[in-house]
Amino acid sequence: MQSDEIRSRFLSFFEKKEHKIIESSSLIPEGDISVLFTTAGMQQFKGYYSAPESAMRDFNTKNVTTVQKCVRTGDMEEVGDATHLSFFEMLGNFSFGGYGRKEAISYAYEFITKELGLQISYVTIYKGEGIVPKDEESLSIWASLDSNLDIREDGSDVFWGPTGNSGPCGPTTEIYCKNAEGVDVEVWNVVFNEYFCDGSREQLDKGQATLKKLDVLGIDTGMGLERLVSIVQKTETVYETDLFKNVINIIKESSENYNEKSARIIADHFRTAVFLISDGVIPSNKDQGYVLRRLIRRAVLKMQFIKANNVLTVNLLKSFIDSYSPVYQNLKTTDIKTIFELEKEKFHNTVAHGLKEFEKGVDPFILATTYGFPIEL
């Protein structure tokens with residue numbers, strides 16, 4: 001099953017369950033300055049958990065579903081291993097008082113086992129800590145769906161949120177499936193937003209924030225498309241799926257000194273750059289622009305390491321734009337190539353100037369902080 005089919009099957013499944021399909025929001029969060037990027041599918045719906053009545057006004061329904069573009073930069077150094085990516089698509093279904101645990105868990109079980117034909121390895125439920133009790137209801141629901149299912153209790157790892165400086169949060173139940181190597185991988189996280197936290201997750205973990213019970217239970221689920229595709233297609237890494245296989249081959253054919261991890265980093269960073277530029281981010285020295293600049297320059301540096309030919313940039317950008325524009329149409333309307341090439345040229349000028357400074361004996365730390373010299377170089 002190809003990634004396009006999995007994406008469309010997910011949306012169709014929940015549309016049949018009376019969910020309204022909502023387009024992905026921008027990678028630049030609206031009205032939430034506490035985060036640089038959209039990091040989860042629920043981010044555009046954050047306010048509805050505290051004011052669920054507004055969902056009917058805005059969507060004419062309490063239940064919605066999306067495929068959300070996301071960027072997370074916390075794991076940037078791990079990009080290139082089997083699972084880590086800086087950009088990913090998050091499949092999600094959400095309810096603002098429309099249904100509760102029973103429906104959310106039943107939908108997830110049906111989609112994984114019936115729609116995709118996967119076997120669940122095990123699921124987790126919240127064991128209860130502090131003022132939040134053990135999730136006995138989820139335990140009972142899972143047991144009723146499959147009496148042979150391995151149900152495990154966990155602590156803070158299965159309590160999600162909040163995102164940013166405050167927001168909805170609550171206990172979760174996670175679904176694990178085995179990958180091609182027989183390793184258990186979390187594929188779906190179903191969050192029960194029962195509380196509002198008046199601080200960040202870090203503050204909550206330190207006991208510096210408080211939880212207040214929400215009037216209405218909210219459902220918030222997230223399932224990374226790339227990870228799910230890897231499970232369905234039985235690949236050992238996300239880079240071997242149909243989402244990346246073509247671009248990895250383009251890199252391999254364009255390289256004189258091919259290196260697998262460098263190729264994965266190039267593919268990941270190009271894809272993320274394409275989506276950031278299409279959502280209006282321009283390379284700069286601060287905020288979102290700094291992240292984009294770092295991604296492009298790191299990708300260009302890796303291209304130099306593998307001795308890639310001059311047409312690789314154009315070929316990779318075209319491949320990603322062609323493959324994703326049927327889903328995200330603004331990729332075709334943004335001059336991504338010009339912005340990317342301009343930053344690439346600026347980087348080459350930075351390297352040339354930095355090398356001259358290095359020959360004069362300038363400290364490498366100064367080269368990195370003042371001249372923008374990548375640490376790897």
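Buried means under 20% relative accessible area, exposed means over 50%, and partly exposed is in between. Keep in mind that this is a predicted model.

**Exercise 1. Find the partner of Glu-343 in a salt bridge, and say whether the two residues are buried or exposed.**

Step 1: Look for the partner. Glu-343 pairs up with Arg-293 in a salt bridge, and their closest N and O atoms are 2.8 Å apart.

Step 2: Check the surroundings. Glu-343 and Arg-293 are both buried.

**Exercise 2. Describe helix H9: how many residues does it have, and how many of them are buried?**

Step 1: Start with the length. H9 has 19 residues and reaches 28 Å from its first C-alpha to its last. That is close to the 27 Å expected at 1.5 Å a residue.

Step 2: Now the cover. Of the 19 residues in H9, 14 are buried, which makes the helix mostly covered.

Step 3: See what follows. After H9 comes Lys-307, and its phi is positive, near 55°.

**Exercise 3. Which strands does the salt bridge between Lys-213 and Glu-194 tie together?**

Step 1: Get the distance. In this salt bridge, the closest N and O atoms of Lys-213 and Glu-194 are 3.1 Å apart.

Step 2: Name the strands. Lys-213 is in strand E9 (residues 211-224) and Glu-194 is in strand E8 (residues 184-197), so the pair ties together parts that are 19 residues apart in sequence.

Step 3: Classify each end. Lys-213 is partly exposed because its relative accessibility is 48%. Glu-194 is buried because its value is 14%, and the cut-off for buried is under 20%.

**Exercise 4. Classify the two residues of the salt bridge between Arg-57 and Asp-58.**

Step 1: Picture the pair. The closest N and O atoms of Arg-57 and Asp-58 are 2.8 Å apart.

Step 2: Apply the cut-offs. Arg-57 has a relative accessible area of 64%, so this residue is exposed. Asp-58 has 35%, so this one is partly exposed.

**Exercise 5. At what angle do helices H1 and H6 cross, and which residues make the contact?**

Step 1: Take the axes. Those of H1 (residues 3-16) and H6 (residues 225-232) come within 10 Å and cross at roughly 115°.

Step 2: List the residues. H1 brings Ser-3, Ile-6 and Arg-7 to the contact, while H6 brings Leu-225, Leu-228, Val-229 and Val-232.

Step 3: Sort them by class. The contact of H1 with H6 has five nonpolar residues, one polar and one charged.

**Exercise 6. Where is Thr-241, and is this residue buried or exposed?**

Step 1: Locate the residue. Thr-241 is in the loop between H6 and helix H7 (245-253).

Step 2: Classify the residue. Its relative accessibility is 0%, so Thr-241 counts as buried.

Step 3: Look for contacts. Setting aside neighbours within four places in sequence, Thr-241 is in contact with Val-229, Ser-230, Gln-233 and Thr-235.

Definitions and conventions. Residues are numbered from 1 along each chain as its sequence is written. This is a predicted model: local features need pLDDT of at least 70, side-chain atom pairs count only at pLDDT 80 or more; totals for chains, interfaces and linings use all residues. Side-chain values use heavy atoms; hydrogens and water are left out. A salt bridge is a side-chain nitrogen of Lys or Arg within 4 Å of a carboxyl oxygen of Asp or Glu. Buried means under 20% relative accessible area, exposed over 50%, partly exposed in between (1.4 Å probe, protein chains only). Helices (H or I, at least four residues) and strands (E, at least two) are DSSP runs, numbered from the N terminus. Axes are lines fitted to C-alpha atoms, for helices over the stretch in contact, and angles run from 0 to 180 degrees between N-to-C directions. Contact means heavy atoms within 4.5 Å. Ala, Val, Leu, Ile, Met, Phe, Trp, Tyr, Cys and Pro count as nonpolar, Asp, Glu, Lys and Arg as charged, and the others, Gly among them, as polar. The expected span of a helix is 1.5 Å times one less than its number of residues.
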